[in-house]
Amino acid sequence: MDLNELLEPLARIARPKTDDEVYVPKGVCSKLIRFRVEEGRLHDVEFTGGCHGNLQGIGKLVEGMSLAEVAQKLGGIACGKRSSSCPDQLVQAITPYLED
């Protein structure tokens, strides 16, 4: 069992929508990313932890955007000396949907 599987029940209690996905970012300040994918588009992106204002802005900017466009624009962004960033971790979270 991985960390995502352990946290999923807690995330559903905090936000009962059953169609939300939950992703645990790695190597960045945010601790959790919630989102929904519908017809190849990204919706309701919420970050827990991290730079609240910036991450709220990212959520609003990507609302309704195609997954491919989100991946193209945000993939590979680094944060300081880190090799990843919260936007890059969002791309990691949606990558399984890109492969469908």
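Reader: In which part of the chain is Cys29 placed?
Author: This is a predicted model: local features need pLDDT of at least 70, side-chain atom pairs count only at pLDDT 80 or more, and totals for chains, interfaces and linings use all residues. Residues are numbered from 1 along each chain as its sequence is written, and side-chain values use heavy atoms, with hydrogens and water left out. Helices (H or I, at least four residues) and strands (E, at least two) are DSSP runs numbered from the N terminus. On that numbering, Cys29 is in the loop between β1 and β2.

Reader: Is Cys29 buried, partly exposed or exposed?
Author: Buried means under 20% relative accessible area, exposed over 50%, and partly exposed in between (1.4 Å probe, protein chains only). The relative accessibility of Cys29 is 38%, so Cys29 counts as partly exposed.

Reader: How far apart are the C-alpha atoms of Cys29 and Cys86?
Author: Contact here means heavy atoms within 4.5 Å. Cys29 and Cys86 are 57 residues apart along the chain, and their C-alpha atoms are separated by 7.4 Å.

Reader: In what order do the elements of the protein run from the N terminus?
Author: The protein has 4 helices and 3 strands. From the N terminus on, the order is α-β-β-β-α-α-α.

Reader: At which residue of α4 does a kink lie?
Author: The bend at a residue is the angle between axes fitted to the seven residues ending there and the seven starting there. In α4 a kink of about 25° comes shortly before the proline Pro96, at Gln92.

Reader: To which residue's backbone nitrogen does a side-chain oxygen of Ser85 reach at the start of α4?
Author: The two atoms lie within 3.2 Å of each other. The nitrogen belongs to Asp88.

Reader: With which residue's side chain does the side chain of Gln89 make a polar contact?
Author: Gln89 is found in α4 (residues 86–98) and is buried, with a relative accessible area of 5%. Beyond four places in sequence, its contacts include Pro25, Lys26, Val28, Ile33 and Ser84. A polar contact is a pair of N or O atoms within 3.5 Å; within protein, one must be able to donate a hydrogen and the other to accept it, and residues adjacent in sequence count only if both atoms are side-chain atoms. At 3.5 Å, the side-chain partner of Gln89 is Tyr23.

Reader: How many residues apart in sequence are the parts that the aromatic pair ties together?
Author: Rings of Phe, Tyr and Trp (its six-membered ring) pair if their centres lie within 6.5 Å; planes under 30 degrees apart count as stacked, over 60 as edge-to-face and the rest as tilted. The structure holds 1 aromatic pair: Phe35 and Tyr97 are edge-to-face, 6.1 Å centre to centre and with 85° between the planes. Because Phe35 lies in strand β2 and Tyr97 in helix α4, the separation in sequence is 62 residues.

Reader: How far apart in space are Met65 and His43, C-alpha to C-alpha?
Author: Met65 is found in the loop between α2 and α3 and is buried, with a relative accessible area of 15%. Beyond four places in sequence, Met65 is in contact with Gly40, Arg41, Leu42, Val70 and Lys73. Met65 and His43 are 22 residues apart in sequence, and the C-alpha distance is 7.9 Å.

Reader: What is the phi of Asp44 near?
Author: Most residues other than glycine have a negative phi. Asp44, in strand β3, is partly exposed at 22% relative accessible area. Its phi is positive, near 55°.
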